[in-house]
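Hi,

Here is the structure for your files. My notes follow below it.

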Amino acid sequence: MLALGLMSGTSLDGIDAALVATDGESVESFGAAATFPYDEDFKKALRQILGGFGPVAEIERHLTHLHAEAVAGLLAKAGLETTAVDIIGFHGHTILHRPDQRRTWQIGDGALLARLTGIGVVNDFRSADVAAGGQGAPLVPVFHQALAAGLAKPLAILNLGGVGNVTWLGEDGAILAFDTGPGNALIDDWALAHTGRACDTDGALAAQGRVDTGALDRFASHPYFARKPPKSLDRDDFQAFARKLVADQDAATGAATLTAFTARAVALARHRFPAPAARWLVCGGGRHNPALMAALTRELGIEVEPVERVGWNGDALEAQAFGLLAVRSRRGLPLTHPATTGAPFSCSGGRFHSA
């Protein structure tokens, strides 16, 4: 099937859209991919409803229309008609994630998107797993496993969006996945508050500062790191804790320290692996931050590599994953496993909306 995957991530920067030809178990080929940035007004509106507060229904409708525009834009880029696409995988945008309360909330109206695009849509990928007692995240590990079939193991694939998550792949199909801790969210929010920019572009602000090692040590004492995986996070779970640790720091010191927080969280995560990863591949926006990539290399004691080194598109990877997951959903194949979300059994999921 030719699937079109859509992802609006916790970094709040925009919509990633990508085409992938897949049977849900392997990838035949990749098609066009693009990112459609949110304007500043919509970013602010989306940020204000995080946690499920405010005019959620209004923002959900707007978000869905923006996704329909992204579909049209990607098809125009690819030179394809609507009829060429078999299915859309529509993640929506997570505004609340509380799996301990069996709650997860991704806004995005699948039925409306199907009407707007004329293409069948699968959305609501996480709810079935959470209802079964799983974390509902991360969802990309089965895609990572399919992509990495020919790569040497053990292998770690690290995604650095607003939250960090890692997929560990061992020999003979062994897999483990969980959220490592904060990804870009703390750094982005600090940069916005202190510079007015949505992120620390190229890690320039962090590069001017020095890490507060005392704050870094206190960060590592957070109880999240003592929990055994699988485990997952809401975008803002570390906000209050981290803010206190850097509250009195200047802009550069705070950026450097928060960058170190993300890298230290990943280093702590590796101790949970059944065997050390011989290679680390990094996707998501964080791989564009030289200060963060350098911090990861220092913390891990091994070079971290952008996924482009193995021919993958790190900006499109999550969107591609939701294309594959939509096909898996339609085929009734599992989206999650006990070792990726902690669910008691492998779970399918997703809700289908016909055009």
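At the start of H3, a side-chain oxygen of Asp109 comes within 3.2 Å of the backbone nitrogen of Ala111. That is a polar contact (a pair of N or O atoms within 3.5 Å; within protein, one must be able to donate a hydrogen and the other to accept it, and residues adjacent in sequence count only if both atoms are side-chain atoms).

The model is predicted: local features need pLDDT of at least 70, side-chain atom pairs count only at pLDDT 80 or more, and totals for chains, interfaces and linings use all residues. Residues are numbered from 1 along each chain as its sequence is written, and side-chain values use heavy atoms, with hydrogens and water left out.

H3 covers residues 110-117. Helices (H or I, at least four residues) and strands (E, at least two) are DSSP runs, numbered from the N terminus. Gly110, Leu112, Leu113, Ala114 and Thr117 of H3 are buried (under 20% relative accessible area, 1.4 Å probe, protein chains only). Their cover includes strand S1 (2-8) and helix H2 (56-78). Just after H3, Gly118 has a positive phi of about 75 degrees.

Now S2, residues 14-22. Eight of its nine residues are buried, so S2 is largely enclosed by the rest of the structure. S2 runs antiparallel to S1, with seven bridges. Two strands pair if DSSP finds at least two bridges between them. Leu6 stands opposite Ala17. The S1–S2 hairpin has five residues between its strands, and Leu12 in the turn has a positive phi of about 65 degrees.

Eight bridges join S2 to S3 (residues 27-37), also antiparallel. Gly14 has Pro37 as its bridge partner.

Best wishes

How values were computed:
Buried < 20%, exposed > 50% of the residue type's maximum accessible area, 1.4 Å probe, protein only. Contact = heavy atoms within 4.5 Å.
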